[in-house]
Amino acid sequence: MTENLWSYRSTSGHVAGTDLTGYKVEATDGSIGKVDKHSDEVTDAYLVVDTGVWIFGKEVLLPASTVVRIDPEERKVFVDRTKEQIKDAPEFQREKHLGDVGYREELGTYYGAGAPFGGPFA
């Protein structure tokens, strides 16, 4: 996939410092919600997506490497996973999981990482 699960792909169109909050998030098979929080820190980049009614108001954490394209004009982020794959990911609870190394490792395994972890979660 990429050399690091927690980094944006060089081909995604991500520009460091761009505020993605509020952008719609599109899975390969449809919309999954909107970006509620994001990080573009090197080796610790991710999106927190508010799924709204799609998964009963839950949030999901997506590693930055799942982002294939960002369209700033349409304010959309496109990811390379299906809605089902995202729905089946390890459950995310913001207060509990944002700084949790074990959760990051579990999520990394789920998203096929085996990638090196960096940043504050190393």
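The model is predicted, and local features need a pLDDT of at least 70, side-chain atom pairs count only at pLDDT 80 or more, and totals for chains, interfaces and linings use all residues. Residues are numbered from 1 along each chain as its sequence is written, and side-chain values use heavy atoms, with hydrogens and water left out.

I turn to the salt bridges. The term stands for a side-chain nitrogen of Lys or Arg within 4 Å of a carboxyl oxygen of Asp or Glu. How many salt bridges does a search of the whole structure find? The search finds 7.

One of them joins the side chains of Glu 59 and Arg 94, at 2.5 Å from N to O. Glu 59 belongs to strand β4 (residues 59–63) and Arg 94 to helix α2 (residues 94–97), so this pair ties together parts that lie 35 residues apart in sequence. Helices (H or I, at least four residues) and strands (E, at least two) are DSSP runs, numbered from the N terminus. For accessibility, buried means under 20% relative accessible area, exposed over 50%, and partly exposed in between, with a 1.4 Å probe and protein chains only. Glu 59 is buried at 19%, whereas Arg 94 is partly exposed at 26%.

A further salt bridge links Asp 71 with Arg 69, and their closest N and O atoms are 3.8 Å apart. Here Asp 71 is buried, with 16% relative accessibility, while Arg 69 is partly exposed, with 41%.

Next come Arg 81 and Asp 80, whose side chains meet in a salt bridge of 2.5 Å, N to O.

I close with the backbone. Most residues other than glycine have a negative phi. Thr 43, however, has a positive phi, near 65 degrees. Where is Thr 43 placed? Thr 43 sits in the loop between β2 (30–41) and β3 (44–50), and it is partly exposed at 22% relative accessibility. Arg 75 also has a positive phi, near 55 degrees. Arg 75 is found in the loop between β5 (67–71) and β6 (76–79), and its relative accessible area of 40% makes it partly exposed.
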